[in-house]
Amino acid sequence: MSRPDKFIIDGKRLDGRLPDQLRPIKIEVDVLKRADGSCYIEMGKNKVVAAVYGPREAFPRHIQDPSKVVVRYRYNMAPFSVEERKRPGPDRRSIEISKVSKEAFEAVIMKELFPRSVVDIFVEVLQADAGSRTACINAASVALVDAGIPMKGMLTSVAVAKVDGVLVLDPMKEEDNFGEADMPFAFLIRGGKIESVALLQMDGRMTRTEIKEALNLAKKGAMEIYNLQREAIMKQFVEGGEENA
Amino acid sequence: MPEDILVDIKKDYVLSKLRDNERIDGRKFDEFRKVEIKTGIIEKAEGSALVKLGNTQVLVGIKMQPGEPFPDTPDKGIIIVNAELVPLASPTFEPGPPDEISIELARVVDRGIRESEAVDLSKLCIEAGKNVWMVFVDIHALDDDGNLLDASAIASIAALMNTKVPASRFGLGGDFELPINDVPISVTSLVVGDKFLVDPSRDELSIGNTTLTVTVDRDDNIVAMQKSGDYLLSESLLDQIVEASIRVSRKIRENLLSQVSKC
Amino acid sequence: MRKIVLPGDLLASNPKLAGYGTYVEGDKVYARIIGIYEQTDNSIRVIPLKGKYNPSAGDTIIGIVREVISNGWNVDINSPYQAFLPVSENPEAKPGKKLNEVLDIGDAIIAKVMSIDPRMRVTITMKDKICRAIRFGRIVAINPARVPRVIGKKGSMIKLIKSELDVQIVVGQNGLIWLNGDRKKVAIAEEVIYIIEEEAHTDGLTDRVGEFIRRRKNVQT
């Protein structure tokens with residue numbers, strides 16, 4: 001992939017989107033039989049599946065916390081998910097992504113309800129595109145709801161990038177690779193509103209004002225994704241009802 | 001990792017002080033600890049810096065060697081940041097491969113250097129597509145009294161500013177100073193409810209590792225951010241921390257430049 | 001269709017109404033799990049649609065012995081926590097009788113949750129007339145969150161199944177259900193339980209279940 005001369009032509013991005021437009025998103029709930037909760041998401045060309053197990057007994061025992069549940073999060077890329085085969089197993093990038101994603105969920109899971117146990121969140125990137133960590137968090141959030149895990153609210157994640165000096169929502173690969181900045185967010189959504197920031201990273205160059213603008217753009221995108229997450233969860237019950245009506 | 005019990009005991013004290021809007025060491029909420037920098041202390045390294053941030057101590061050494069460039073940047077040098085939290089620095093550090101904490105630390109420091117384009121990598125090309133200079137930034141934590149990240153970031157840029165490219169050793173002409181374009185400064189704040197404490201000490205971190213790091217370049221641009229820890233951050237606090245970080249970063253940079261003779 | 005809520009949904013602005021499946025923050029009542037919204041005059045609760053069994057004292061449960069130890073049995077109760085059945089809480093244990101002759105690994109039991117300490121160590125007892133070692137009949141497993149629907153309001157659903165099919169049923173709060181009786185009738189009861197599990201969120205379930213049982217009985221006779 002080479003750097004495009006221009007990222008925005010006549011107000012439109014390389015894939016035809018407007019700066020504040022998301023890539024197409026598809027969400028399916030309860031896709032894995034064995035897991036306590038699961039979700040499959042496509043976000044652009046990302047194809048991601050999340051499974052939640054637990055709360056279950058924590059092993060090895062020394063990881064148990066007598067006062068609350070331990071949350072584990074594993075972001076993993078399949079070797080075939082990228083252009084050039086990725087060596088299996090965790091690399092530094094996925095360890096960091098797993099850490100900050102885990103912490104985002106720890107902030108919303110009601111951990112004190114299940115002392116000594118563990119909630120495992122496994123997310124597999126089957127096909128990677130820009131923003132795979134955001135797709136993974138969106139899938140994990142739905143899978144946690146599907147597993148019946150008590151939470152303050154749901155997490156919804158989206159990134160904002162800066163290209164040609166313009167802030168763009170949910171960056172595609174070119175914008176991610178060659179843009180001037182990339183800023184992934186995850187928000188706690190409660191009572192139908194964005195309430196706080198659960199995950200925040202940034203690299204690139206932005207002014208304080210641009211950071212505020214990026215936040216607002218991300219909030220707009222997150223609300224759209226949140227509605228899709230909700231819809232996907234509710235759909236399973238509607239279908240069940242119709243079948244037997 | 002078992003917590004240090006003495007640190008744990010400090011928690012109540014830190015919180016009770018906070019209720020009176022005070023920090024246990026008497027600092028203002030946006031005040032860094034004293035920064036002391038010594039450069040060039042490891043002769044075997046191409047560059048080095050020992051940074052004391054209060055009682056936190058970090059040593060950074062720079063090693064360089066020629067190597068193959070990345071395919072997507074054939075005419076640019078390579079910079080690699082690595083951190084080791086060795087057991088000597090804290091009772092909670094354990095030997096073994098880098099854990100998520102040291103990996104996160106190295107990657108956040110790396111982003112600050114990379115995104116501010118602190119090192120002019122285009123001047124580190126030996127033969128395009130074949131041979132470029134590789135810069136290894138190795139962060140060695142010696143004493144963790146809190147906020148290893150900022151101490152590491154300061155030590156890294158100070159060490160880079162102190163670095164001589166060892167060209168003669170590899171028969172590639174005369175040695176030259178590593179070209180430096182910017183001095184990124186990372187500012188980490190501990191978030192406690194609706195307050196934040198800049199440059200938290202180990203005792204203050206007993207409340208929880210709930211931090212936000214904001215790295216600022218010399219033009220007041222934000223070049224890296226990292227929220228770390230299981231907490232929720234309000235939008236207004238985010239903006240306050242960004243504002244404070246920009247302000248604090250200017251002072252630290254000035255201080256750093258006055259101590260590192262070059263530049 | 002009954003109203004389904006998700007974690008974080010705002011349910012009320014009066015903290016006094018907060019019931020099961022909800023939490024209060026800043027004087028507001030929110031849902032904390034996915035479930036069915038239920039409102040009475042003095043409370044709002046969320047009946048879970050998913051999730052693990054979290055033991056509570058007094059619950060009837062069905063468990064399987066996983067380990068025989070010197071002073072009792074460790075029992076898997078289909079929850080994040082194993083339960084402990086002390087020798088003193090099993091009336092079948094007699095001096096001179098080996099513990100694994102009373103209950104061995106793999107044996108199923110009906111027991112009651114006696115106590116839970118703050119670290120979620122669960123102790124169970126068999127000193128209740130409902131309790132027994134299960135040596136015959138069938139055990140079926142459903143999502144524990146759907147147990148309240150299988151029981152029904154004031155036990156209406158379970159009464160319906162029992163009276164229509166004349167089978168013995170013990171519903172464990174942990175999602176395991178013991179059925180005993182005529183083999184064909186037990187098979188119908190099992191099917192009925194799965195239907196209730198699937199359609200727990202729909203209205204008019206009791207009526208549909210009654211109809212289903214009568215239809216199936218006619219087919220068989």
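Chain C has five helices and 15 strands. The model is predicted. Of the 221 residues in chain C, 39% are buried.

**Chain C: overall form**

- Taken along the principal axes, the C-alpha atoms of chain C fill a box of roughly 60 × 55 × 20 Å.
- Among contacts in chain C between residues at least 6 apart in sequence, 57% link residues at least 24 apart.

**Chain C: a three-stranded sheet**

- An open sheet of three strands in chain C has the order β2-β4-β3, with antiparallel pairing.
- Its edge strands are β2 (10–12) and β3 (22–25) of chain C, each of which pairs on one side only.
- From one strand to the next, the twist averages 40 degrees.
- Four bridges hold β3(C) in antiparallel pairing with strand β4 (residues 28–31) of chain C.
- Opposite Thr22(C) stands Ala31(C) in β4(C).
- Pairing of this kind in a sheet runs through backbone hydrogen bonds, whether parallel or antiparallel.

**Contacts between chains C and A**

- Chain C contributes 24 residues that are in contact with 30 residues of chain A.
- The side of chain C that touches chain A is made up of 13 nonpolar, five polar and six charged residues.

**Contacts between chains A and B**

- Between chains A and B, 25 residues of chain A are in contact with 26 residues of chain B.
- On the chain A side, the elements giving two or more residues are α1 (92–106), β11 (193–206) and α4 (208–243) of chain A.
- β11(A) gives the most to this side, with 11 residues.
- By type, the chain A residues that touch chain B comprise 12 nonpolar, four polar and nine charged.

**Strand β8 of chain A**

- Strand β8 (residues 154–163) of chain A is largely enclosed by the rest of the structure, because 10 of its 10 residues are buried.
- In a regular strand, side chains alternate between the two faces of the sheet.
- Both faces of β8(A) are covered.
- On one side of β8(A), Met154(A), Thr156(A), Val158(A), Val160(A) and Lys162(A) are all buried.
- Nine bridges link β8(A) to strand β10 (residues 181–190) of chain A in the antiparallel sense, and Ser157(A) has Ala186(A) in β10(A) as its bridge partner.
- β8(A) is also joined by four bridges to strand β9 (residues 166–169) of chain A, again antiparallel, with Lys162(A) opposite Leu167(A) in β9(A).
- β8(A) and β9(A) form a hairpin with two residues between them.
- In the turn of this hairpin, Asp164(A) has a positive phi of about 50 degrees.

- In soluble globular proteins, nonpolar side chains tend to be buried together.
- The largest nonpolar core has 208 residues, and those that touch the most other members are Ala50(A), Ala139(A), Ala198(A), Val51(B), Ala155(B) and Ala158(B).
- α3(B) gives the most to this core, with 11 residues.
- Helix α3 (residues 148–161) of chain B has 14 residues and spans 20 Å from its first C-alpha to its last, close to the 20 Å expected at 1.5 Å a residue.
- Since 14 of the 14 residues of α3(B) are buried, the helix is largely enclosed by the rest of the structure.
- Apart from neighbours within four places in sequence, Ala155(B) is in contact with Ala49(B), Val51(B), Val58(B), Leu59(B), Val60(B) and Ile139(B).

**A loop residue of chain B**

- Glu68(B) lies in the loop between β3 (56–67) and β4 (78–84) of chain B.
- Glu68(B) counts as exposed because it has 12 C-beta neighbours inside 10 Å, and the cut-off for exposed is 12 or fewer.
- From C-alpha to C-alpha, Glu68(B) and Leu121(B) are 14 Å apart in space, and they are 53 residues apart in sequence.

Conventions. Residues are numbered from 1 along each chain as its sequence is written. Chains are lettered from A and ligands numbered from 1 in the order in which they are written. This is a predicted model: local features need pLDDT of at least 70, side-chain atom pairs count only at pLDDT 80 or more; totals for chains, interfaces and linings use all residues. Two residues are in contact if their C-beta atoms, placed from the backbone, lie within 7 Å. Ala, Val, Leu, Ile, Met, Phe, Trp, Tyr, Cys and Pro count as nonpolar, Asp, Glu, Lys and Arg as charged, and the others, Gly among them, as polar. The expected span of a helix is 1.5 Å times one less than its number of residues. A residue is buried if 20 or more other C-beta atoms lie within 10 Å of its own, exposed if 12 or fewer, and partly exposed in between; C-beta atoms are placed from the backbone. A nonpolar core is a set of buried Ala, Val, Leu, Ile, Met, Phe, Trp, Tyr and Cys residues joined through C-beta atoms within 7 Å. Two strands pair if DSSP finds at least two bridges between them. Axes are lines fitted to C-alpha atoms, for helices over the stretch in contact, and angles run from 0 to 180 degrees between N-to-C directions.
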